[in-house]
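Please look over the sequence and the model shown here. The paragraphs after it go through the strands, then the salt bridges, then a few single residues.

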Amino acid sequence: MGFLKDLATLTAAGNAAYARLDVGASLEAASRSMDQASRVLAATLPPADDELFESVRVRTTATVVDARQLPMMVGMHSVVEVDLVVMMPSGLPLPVTRTEQVAPLHLARLAPGATLDVSIVPGRPETVRVEWNG
């Protein structure tokens, strides 16, 4: 008889939890979460650059200042926000923050103080692209 009593208790608790469930709030929270995920994914995708910009892109190096893993994965890639100081060809440092999808193989390369190969269109800091494969 104890099993049926426990089953009745669990059923009553489940029904009470279901009655308190706010479907509208749950849908709103899910919608906010999806919007945030869409913004992060859009930030990690390279912009469709004009061919003219690609023709003036220059290669240089950047030093990692900080890297923060975001609570999101794209396939097996971690989504990481990276603070960089890009050394412009003129010798001036340019601080840049990028959101990148990083393969597990490359996560160790984001240690503070590490140097990365990057490319940039001069005068357009939003075009910084980490050249992961050299």
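Helices (H or I, at least four residues) and strands (E, at least two) are DSSP runs, numbered from the N terminus. L27, for instance, is found in helix α2, residues 23-44. Residues are numbered from 1 along each chain as its sequence is written. This is a predicted model, in which local features need pLDDT of at least 70, side-chain atom pairs count only at pLDDT 80 or more, and totals for chains, interfaces and linings use all residues, while side-chain values use heavy atoms, with hydrogens and water left out.

Begin with the sheet. Two strands count as paired if DSSP finds at least two bridges between them. Five strands form an open sheet, with antiparallel pairing, in the order β3-β2-β1-β4-β5. At the edges are β3 and β5 (124-130), each of which pairs on one side only. From one strand to the next, the twist averages 40°; here axes are lines fitted to C-alpha atoms, for helices over the stretch in contact, and angles run from 0 to 180 degrees between N-to-C directions.

The strand pairs can be taken in turn. Strand β1 (residues 58-74) pairs with strand β2 (residues 77-87) in the antiparallel sense over 10 bridges. One of the partners is M87 in β2, which pairs with T61. The two strands form a hairpin with two residues between them, and G75 in the turn has a positive phi of about 65°. β2 also pairs with β3, again antiparallel, over 10 bridges; there V80 stands opposite E100 in β3. β1 is joined to β4 by six bridges, and these strands run antiparallel. V58 stands opposite I120 in β4.

Next come the charged side chains. A salt bridge is a side-chain nitrogen of Lys or Arg within 4 Å of a carboxyl oxygen of Asp or Glu. The structure holds eight of these salt bridges. In one of them the side chains of E131 and R59 meet, at 4.0 Å from N to O. E131 lies in the segment after β5 and R59 in strand β1, so the pair ties together parts that are 72 residues apart in sequence. E131 also meets R129 in a salt bridge, at 3.3 Å from N to O.

How far apart are the closest N and O atoms of R68 and D83? In this salt bridge they are 2.9 Å apart. R68 lies in strand β1 and D83 in strand β2, so this pair ties together parts that are 15 residues apart in sequence. Both residues belong to a network of salt bridges that links D66, R68, E81 and D83.

Accessibility describes how much of a residue is uncovered. Buried means under 20% relative accessible area, exposed over 50%, and partly exposed in between (1.4 Å probe, protein chains only). D83 has 18% and is therefore buried, whereas R68, with 29%, is partly exposed. E131 counts as buried because its relative accessibility is 17%.

H106 sits in the loop between β3 (93-102) and β4 (115-121). Is H106 buried or exposed? With a relative accessible area of 13%, H106 is buried. D35 and N15 are 20 residues apart in sequence and 32 Å apart in space, C-alpha to C-alpha.
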